[in-house]
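Hi everyone, thanks for coming. Let's take a few minutes to walk through a structure that may be new to you. Here it comes on the screen.

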Amino acid sequence: GLGTYSTSGTTLSRQQVFESSNSGALVNWGAGTKDVFCGWPSAATYGGVPSADNSSIGTDLSGWSAFQASLQNGVNGDVAYGNNSTNGIVSTYSLVYTISSAYAGGVLAPNSDIHFVPFGADRGQKISSSGVVTTYSLVYTASLAYWGGVLAANGDIHFIPYNANRGQKISAAGVVSTYSLVYTTTNAYSGGVLAPNGDIHFVPQSANRGQKISAAGVVSTYSLVYTASDAYFGGVLAPNGDIYFVPHVAAVGQKISVSGVVSTYSLVYTGASGLYKGGVLAPNGDIHFVPYSANRGQKISSAGVVSTYSLVYTAGGAYTGGVLTPNGDLHFVPYGALVGQKISSTSVVSTYPLVYTTPDAYQGGVLAPDGSITFIPSNAAVGQKISTNPGAPLGLGVCLSSFLNKF
């Protein structure tokens with residue numbers, strides 16, 4: 001289990017303990033009295049829901065507590081954080097393959113590769129931990145096939161079907177394969193979330209039912225309370241294990257509890273146009289919706305209270321997807337925005353310059369263990385990333401956490 005551990009009243013950080021411990025294996029403290037799990041799994045052990053605690057997210061908030069501890073280790077790492085007053089250095093890099101509407105969303109693999117999820121692309125593209133960009137063959141391609149991806153408990157990466165008539169995944173060994181879906185339709189799902197029991201839930205955009213893949217690979221559907229065209233776009237795993245769908249044009253919020261009960265709740269701000277695309281979980285447990293065309297931010301507290309707040313920059317089609325960084329900042333990923341925008345751990349909203357902007361540039365981002373954020377190219381001719389220079393890098397197991405495991 002995941003226990004507390006201290007010496008002479010001083011709490012040890014998870015990084016200090018884990019990085020000196022047994023290369024990813026369970027560590028026995030005092031003949032079994034305090035078992036802890038290394039957040040950096042060995043290359044040979046992909047099993048278990050990748051949540052940075054003992055192979056389980058936990059509905060008692062233990063997984064979230066472990067995740068927060070690692071974030072705090074980044075904040076209090078005794079290394080100066082901040083470059084050029086932007087809390088990071090923004091840079092670009094070359095891509096091997098570019099096309100209109102190429103990719104949408106990305107996933108960090110257990111070997112630290114970042115895979116782009118094919119939207120209109122006819123090939124896969126990934127970035128290795130050493131920064132090498134390569135492409136690889138896909139089994140199935142179609143116009144605007146997938147939107148977002150999820151890392152499964154066994155290390156497989158599943159693409160979320162948008163217009164695709166079949167599922168597609170990449171195994172931990174890099175093998176690409178397809179599988180049958182129960183339900184397909186145009187603009188069906190966008191983004192997905194890994195549930196505490198290992199199920200992968202597709203987030204309904206225009207689908208009239210939910211669809212999920214169990215940890216055993218069984219595909220099934222279930223009823224939703226609210227459906228509408230372009231209703232939701234992306235989802236977020238809350239600290240208590242609930243899955244929240246992010247409202248795009250939906251008039252109400254919708255969530256799935258850890259016991260699988262689907263319910264709706266009231267929003268403070270709704271509109272006919274696409275307001276939000278994607279969401280981010282903050283260090284305090286709040287879920288922030290990423291503003292696409294919204295003129296204000298909107299969030300849900302860990303207690304379930306919905307509220308709005310002011311943004312510095314708004315525009316039509318501004319941001320798509322977001323990333324939580326080791327220092328607790330939330331970065332929105334620029335789609336049509338001309339500037340970056342972030343929310344600090346103290347809730348201060350600010351903007352910063354980007355190196356490269358173009359219409360419909362990026363969709364979604366991925367956090368790597370070194371603290372860098374990679375934007376996923378949609379129509380961009382170059383890649384773009386933010387080197388956040390965290391106080392202490394996050395372990396791979398933390399970056400594979402289900403709390404970051406969304407488009």
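Let's start with Thr351: is this residue buried, partly exposed or exposed? Thr351 counts as partly exposed, because its relative accessibility is 36%; buried means under 20% relative accessible area, exposed over 50%, and partly exposed in between, with a 1.4 Å probe and protein chains only. Before going on, please keep in mind that this is a predicted model, where local features need pLDDT of at least 70 and side-chain atom pairs count only at pLDDT 80 or more, while totals for chains, interfaces and linings use all residues. Residues are numbered from 1 along each chain as its sequence is written, and side-chain values use heavy atoms, with hydrogens and water left out.

Back to Thr351, which has its place in strand β27, residues 349-353. Strands here (E, at least two residues) and helices (H or I, at least four) are DSSP runs, numbered from the N terminus. What does Thr351 touch, not counting residues up to four places away in sequence? The answer is Val312, Tyr313, Val339, Gly340 and Gln341, where contact means heavy atoms within 4.5 Å. Take Gln341 from that group: Gln341 and Thr351 are 10 residues apart along the chain, and their C-alpha atoms are separated by 4.2 Å.

Now compare that with Ser112, in the loop between β4 (103-108) and β5 (114-118). Ser112 has a relative accessible area of 14%, so this residue is buried. Leaving out residues up to four places away in sequence, Ser112 touches Ile127, Ser128, Ser129, Pro369 and Leu396.

Let's zoom out for a moment. The protein has 407 residues, and buried ones make up 56% of them. Its secondary structure comes to three helices and 30 strands. If you take contacts between residues at least 6 apart in sequence, 48% join residues at least 24 apart. The protein exposes about 14,800 Å², with 49% of that supplied by carbon and sulfur atoms; these areas come from the Shrake-Rupley method with a 1.4 Å probe, and for residues only the protein chains shown count as cover.

What about the inside? The largest nonpolar core has 91 residues, and Phe116, Phe159, Phe245 and Phe289 have the most contacts inside it. By nonpolar core I mean a set of buried Ala, Val, Leu, Ile, Met, Phe, Trp, Tyr and Cys residues joined through side-chain atoms within 4.5 Å. Which strand gives the most to this core? That is β17, residues 243-247, with four residues.

Next, please find strand β29, residues 372-377, where six of six residues are buried. In a regular strand the side chains alternate between the two faces of the sheet. In β29, Ser372, Thr374 and Ile376 point one way, while Ile373, Phe375 and Pro377 point the other way. β29 runs antiparallel to β28 (residues 362-367), and four bridges join them; two strands pair if DSSP finds at least two bridges between them. Tyr362 stands opposite Pro377 in this pairing. β28 and β29 form a hairpin with four residues between them, and Gly371 in the turn has a positive phi of about 95 degrees. β29 also pairs with β30 (residues 383-387), again antiparallel, over three bridges. Here Ser372 has Ser387 as its bridge partner, and the hairpin of β29 and β30 has five residues between the strands.

Last stop: charges. Side chains of opposite charge can pair when their charged atoms come close. How many salt bridges does a search of the whole structure find? It finds seven, a salt bridge being a side-chain nitrogen of Lys or Arg within 4 Å of a carboxyl oxygen of Asp or Glu. One joins Lys169 and Asp156, at 3.4 Å from N to O. Lys169 counts as partly exposed because its relative accessibility is 24%, whereas Asp156, at 8%, counts as buried. Another joins Lys255 and Asp242 at 3.7 Å. In a further one, Asp329 meets Lys342 at 3.4 Å, and both of these residues are buried.
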